[in-house]
Amino acid sequence: MAFSLPTLPYSNDALEPHIDKNTMEIHHGKHHNGYTTNLNASVANSDLEDKSIEEILKNIDMNNAALRNNGGGYFNHCLFWESMSPNGGGLPTGKLLDAISSCFGSFDSFKASFSKAAATRFGSGWAWLCVHPGGKVEVCSSPNQDNPLMPGIGCGGYPILGLDVWEHAYYLNYQNRRPDYISGFFNIINWDNVSRLYNLNL
Ligand code: MN
């Protein structure tokens, strides 16, 4: 069964002014579509064809560059679209807020930590909020299309929130102002979805 490009859960202009329509069209329709097509080519006629993307990434041979880049790119962008909503922003609630408060001291400390991870990732990559078995949460970042499901990345757990800091994610609207893009992201974080993933993976 081939992987398919997910339909966006909102229109291309729904996240404006934080993420502009043109960026969304290209990012979803071209970049994510490319990762999807190339992932399908990488797993075709192999025993990976019937595996879930999570299973593929957890057991990946990190020397397989095509699978690493395109499998990571496929998973990461699926999570990214879900991480945002035109009705997002504000604060998480429930068990997730409790975990964030307990692990970071406060929501503001978490926000500072996540923003720093995203701002200081040199070149292309991602910032993550991950949940570990038992419920502790952690912030980390990874280069290129790597993610915490892959072996040896240096941050572990299950990623429940991801921010793409590749220039293709923000350059048309923000040019070199990555910190402004990061602060805009906080206005559209879909905390309901982050909570859903937290509760599924703790
Ligand atoms: Mn991207």
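A residue is called buried when its relative accessible area is under 20%, exposed when over 50%, and partly exposed in between, using a 1.4 Å probe and protein chains only. Keep that in mind for His77, which counts as buried because its relative accessibility is 0%.

Before we go on, a word about the model: it is predicted, so local features need pLDDT of at least 70 and side-chain atom pairs count only at pLDDT 80 or more, while totals for chains, interfaces and linings use all residues. Residues are numbered from 1 along each chain as its sequence is written, and side-chain values use heavy atoms, with hydrogens and water left out.

Let's start with the fold. Eight helices and three strands make up the secondary structure, taken as DSSP runs numbered from the N terminus (helices H or I, at least four residues; strands E, at least two). Along the sequence they follow the pattern α-α-α-α-α-β-β-β-α-α-α. The C-alpha trace spans about 50 × 40 × 30 Å along its principal axes, and 47% of the 202 residues are buried.

Now to the metal. The manganese ion has as its protein donors His27 (NE2), His77 (NE2), Asp164 (OD) and His168 (NE2), lying 1.9 to 2.2 Å from it; donors here are N, O and S atoms within 2.8 Å of the metal (3.2 Å for Na, K and Ca), and sites may look incomplete because water is not among the atoms. Their spacing along the chain is H-x49-H-x86-D-x3-H. His77 sits in helix 3 (residues 65–82) and His168 in the loop between strand 3 (158–164) and helix 6 (171–174), so this pair ties together parts 91 residues apart in sequence.
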